[in-house]
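User: I'm new to this one. Can you walk me through it?

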Amino acid sequence: MGKYIHLSLLLIFLLVTSVNAQEKDRVLSGVTIDENGARINNVCISDSNGVLLSMTNSDGLFEIPLARKYDITLSHPRFEKSTLSIDPDSFEFVKDKYHAIFMLSDKTASPIVDQDTPKNAEYVVDYNVGKYGIFLIKTDGTQSMLQQLSFRNKILAKLSIDIKFNQIFIDVLDGIHIFSNDSSYQVFSDGERLTLSNGHDLEYFKSHIMSLAAVTDSIAVSSFQYYHGQSINYIMTNLNTSEKSVMCCIDSEAVRHQKDSKVGEHLKHITDQRLKREERFSVIGVENSEFRPNRVFGGDYYHHWSFWYVKNPELNKSYKNKIPYEELLSFRNVYAPLFEVGGKIYIFDFPNDFLCEYNSVGTYIENTEIAFHLSHGYASKFHDNPWDNNIIFDAAREECYAQFKENGKVTLKKINLSNGNVVSSYTIETHDNPHNIHIYNGIVYYMYYKNEAAEYEKRYFSAEMIR
């Protein structure tokens with residue numbers, strides 16, 4: 001009898017232990033989006049003590065423990081900081097994980113400077129690096145400043161700008177642009193002062209300027225995403241005849257599986273219709289400026305955004321999806337960057353594990369099989385893989401680097417474009433979790449936050465030579 005009692009107690013103990021283990025292992029898988037439904041990377045998720053729990057990846061995804069009810073804070077320089085309560089009973093359980101969607105609002109003119117912070121301290125909202133130097137947007141929360149720095153970090157010019165302009169873009173013809181969630185302006189410099197001109201609404205900016213991927217003497221190539229970012233079309237336009245044609249179309253596995261379905265037929269119809277549309281080129285900019293190119297080409301294409309969320313009033317700034325969570329989490333944008341190097345065009349076709357090569361007129365040359373982005377050879381593309389889904393192009397040296405991240409450290413691996421192999425590696429050791437990484441002329445630039453500050457919307461700027 002005593003043996004059975006002991007056995008029963010053992011089974012109860014094991015059951016309680018198992019339940020406790022399941023409680024501890026519960027995970028909340030979240031995705032962060034902006035008010036237009038676009039995913040936001042580099043969002044810091046911290047607890048009420050300011051301890052960093054996670055950081056969103058290139059798909060806006062993060063994972064945090066869900067063993068108990070507690071408060072989290074979502075922080076990013078371009079968005080309002082949001083604090084909300086996480087309750088394990090408030091989320092849907094799908095495929096061994098709990099899922100939620102969080103939307104961040106664009107930052108307004110509310111100060112981010114605390115009383116114990118030096119007066120008028122400036123934090124970097126965004127930056128970019130090109131042949132004309134380093135351009136930064138800094139803010140104290142109420143005022144923003146656009147600065148142009150030399151490569152020796154000397155301030156060449158600066159301009160006070162509206163706080164809503166929080167992003168910098170450098171186009172393929174080296175034009176500088178600042179933009180917000182509703183408009184954009186091109187930036188001009190004479191080396192001593194900055195001026196703005198050529199204002200556009202955001203739709204025009206994205207469809208005509210941001211979509212332009214490469215320009216050679218013969219063709220202009222633009223990229224367009226559709227079907228929730230599951231497909232990318234590279235459309236090339238002959239600069240002499242204005243004739244349009246599909247240079248390359250890259251689909252995710254989900255789209256490839258539906259090629260023979262009605263959805264696939266619909267996607268093909270959209271592509272065909274786009275090619276049949278009459279298009280024009282736009283000339284923008286001020287002539288005779290030594291600072292920037294005097295023309296930027298763009299096609300009359302437009303992205304098709306899908307708003308697939310509704311507000312969940314039970315959670316502050318939390319959003320619930322109209323479609324199943326597993327579908328949203330499978331809608332990870334296809335990543336297939338294009339670069340023009342030495343008269344040739346290269347496309348990293350990561351869904352199919354190829355590096356595609358074209359000549360300057362857009363004629364296909366060959367595919368090279370690549371595996372540097374895979375974990376343990378061909379074992380896995382997504383699980384336990386430090387590949388950070390980012391190719392960084394050094395335009396000054398015409399070199400490509402692949403970004404890998406593990407345990408807060410970022411490693412940059414130089415890729416040989418002739419064979420797709422890794423040539424060398426460099427790890428950023430100075431700061432943990434560096435992000436928004438650019439490389440120019442062998443120098444790596446990035447943003448970082450101070451771990452002890454526990455204020456992750458306050459970011460700083462750093463640079464170091466790749467050794």
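User: Okay. What kind of model is it?
Analyst: It is a predicted model.

User: How many helices and strands does the chain have?
Analyst: The chain comes to 5 helices and 33 strands.

User: And what share of the residues is buried?
Analyst: Buried residues account for 51% of the 467 residues in the chain.

User: How much area does the chain expose?
Analyst: About 23100 Å². Carbon and sulfur atoms supply 48% of that area.

User: What about contacts between residues at least 6 apart in sequence?
Analyst: Of those contacts, 48% join residues at least 24 apart.

User: Which strands pair with β24?
Analyst: β23 is one of them. It spans residues 338-341, runs antiparallel to β24 and is joined to it by 4 bridges. Strand β25, residues 354-358, also runs antiparallel to β24, with 5 bridges between them.

User: Which residue in β24 stands opposite L338?
Analyst: That is I347.

User: And what is the bridge partner of D349 in β25?
Analyst: F354.

User: What do the turns look like?
Analyst: Take the hairpin of β23 and β24. There are 2 residues between the strands, and G342 takes a positive phi near 55°. β24 and β25 form a hairpin too, with 4 residues between them. In that turn, D353 has a positive phi of about 60°.

User: Where do side chains point along a strand, in general?
Analyst: In a regular strand, they alternate between the two faces of the sheet.

User: New topic. How many salt bridges does the structure hold?
Analyst: It holds 8. As a general point, side chains of opposite charge can pair when their charged atoms come close.

User: Give me one. What does K164 pair with?
Analyst: K164 forms a salt bridge with D182, and the closest N and O atoms are 3.2 Å apart. K164 lies in the loop between β12 and β13, and D182 in the loop between β14 and β15, so the pair ties together parts that are 18 residues apart in sequence.

User: How accessible are K164 and D182?
Analyst: K164 has 30% relative accessibility, so it counts as partly exposed. D182 is at 39%, so it is partly exposed as well.

User: Which residue does R193 meet in a salt bridge?
Analyst: D190. Their side chains meet at 2.9 Å, N to O. R193 is exposed, with a relative accessible area of 53%. D190, at 44% relative accessibility, counts as partly exposed.

User: What about K409?
Analyst: The K409 side chain meets that of D432 in a salt bridge, at 2.8 Å from N to O. This pair links distant parts of the chain, 23 residues apart. K409 sits in strand β29, whereas D432 is in the loop between β30 and β31.

User: And how accessible are D432 and K409?
Analyst: D432 counts as partly exposed at 31% relative accessibility. K409 is partly exposed, with a relative accessible area of 25%.

Notes: Residues are numbered from 1 along each chain as its sequence is written. This is a predicted model: local features need pLDDT of at least 70, side-chain atom pairs count only at pLDDT 80 or more; totals for chains, interfaces and linings use all residues. Side-chain values use heavy atoms; hydrogens and water are left out. Two strands pair if DSSP finds at least two bridges between them. Buried means under 20% relative accessible area, exposed over 50%, partly exposed in between (1.4 Å probe, protein chains only). Contact means heavy atoms within 4.5 Å. Accessible areas come from the Shrake-Rupley method with a 1.4 Å probe; for residues, only the protein chains shown count as cover. A salt bridge is a side-chain nitrogen of Lys or Arg within 4 Å of a carboxyl oxygen of Asp or Glu.
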